[in-house]
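Let's take a walk through this fold, strand by strand and pocket by pocket. Keep the viewer open as you read.

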Amino acid sequence: FTNVIFDEALAESIPSLRDSSVDMVVAGQAAHWFDYTQLFPEIERVFRKGGTLAFWGYGDHAFVDFPQATNILKHYTDDDDTSLLGPYWSQPGRSIVVDKLRAIQPPSETWEDVTRTEYEPGVKGARSGTGTMYLHKRLTLNDCMKYLRTWSSFNTWQEKHPEAQSKDSGGSGDIVDEMFDRMRSVESDWQSDGWEETEVEVEWPMGVLLARKR
């Protein structure tokens, strides 16, 4: 596209953009990292009157048909035990996204039509949560394990526990293997041969923030 320009810059400082030149700013799974003491003055500089801000972020998924597995996932991701994943999330970003971006407050003197949409998954089946669902997927348990190993908390945990290698790489098991062993011990549907290919429905909690420049 000849009318598309790619530029790399900090969200808090975009010198290539002129004053009052932007109609919309979008941040997907990134808004919880911004420095809002600097971000709002900068996007207010580049926005035209009536321009739209659209931020969204998601937390940890739920296994909507398996409440016990979901509780084990929450234990491993939220507990402050250093043998688990909880202490290895970067803050305050982790808390902001888990709280559905509520900490992000567009200044009322320069923003209007502030709208928030949220979803919190339930564990009584698909779409049993509260709010408006945006993000869901059917995954195999093997896919779920691979997904968890992309998390920043897992990578930091692994740096602290280099001796723990995953079973599929020939090791005796890492924190994800341990987590799923515990899940399988309480979820009978996950105990058959070839359990890794068992498909499950997962949904993510979501926070969406929209606002319009005055």
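Before we start, a word on labels: helices (H or I, at least four residues) and strands (E, at least two) are DSSP runs, numbered from the N terminus. Keep in mind too that this is a predicted model.

With those labels in hand, let's go to the largest pocket, which has a volume of about 570 Å³. Of the 24 residues lining this pocket, Asp7, Ile14, Ser16, Leu17 and Val22 are the closest to its centre. Strand E1 (22–28) and helix H1 (36–46) each put at least two residues into the lining. E1 makes the largest contribution there, with five residues. What is the lining of the largest pocket like by class? It has 18 nonpolar residues, plus three polar and three charged ones.

Stay with H1 for a moment. Its buried residues are Tyr36, Leu39, Phe40, Glu42, Ile43, Glu44 and Val46. Notice that two glutamates, Glu42 and Glu44, are on that list. The cover over the buried residues of H1 includes E1, E2, E4 and E8.

Why can we call E8 largely enclosed by the rest of the structure? Six of the eight residues in this strand, which spans residues 206–213, are buried, so the rest of the structure largely encloses it. Strand E2 (residues 47–58) runs antiparallel to E8, and seven bridges join the two. If you want a place to start tracing that pairing, find Tyr58, whose bridge partner in E8 is Met206. Strand E4 (residues 111–120) also pairs with E8 in the antiparallel sense, over seven bridges. Here you can look for Glu118, which stands opposite Gly207 in E8. As a rule, side chains in a regular strand alternate between the two faces of the sheet.

Now for another strand, E7 (residues 199–203). It is mostly covered, with four of its five residues buried. Which strands pair with E7? One is E3 (residues 62–63), joined to E7 by two bridges and running antiparallel to it. The other is E6 (residues 136–140), also antiparallel, with five bridges to E7. Glu203 in E7 turns up in both pairings: it is the bridge partner of Ala62 and of His136.

Is Asp177 buried or exposed? Its relative accessibility is 6%, and since the cut-off for buried is under 20%, Asp177 counts as buried. What does the side chain of Asp177 reach? It comes to 2.9 Å from the backbone nitrogen of Lys167. There is also a polar contact of 3.3 Å between the side chains of Asp177 and Arg149. Leaving out residues up to four places away in sequence, Asp177 touches Met145, Arg149, Gln165, Ser166 and Lys167.

Terms used:
Residues numbered from 1 in each chain as written. Predicted model: local features only at pLDDT ≥ 70, side-chain atom pairs only at ≥ 80, totals over all residues. Heavy atoms only, no water. Buried < 20%, exposed > 50% of the residue type's maximum accessible area, 1.4 Å probe, protein only. Pairing = 2+ DSSP bridges. 1 Å grid on protein atoms, 1.4 Å probe; cavity = no way out; pocket = protein on both sides within 12 Å on 5 of 7 lines; lining within 4 Å. Points joined across faces, edges and corners; volume = space filled by probe spheres on them. Nonpolar A, V, L, I, M, F, W, Y, C, P; charged D, E, K, R; others polar. Contact = heavy atoms within 4.5 Å. Polar contact = N/O pair within 3.5 Å; in protein donor to acceptor, adjacent residues only side chain to side chain.
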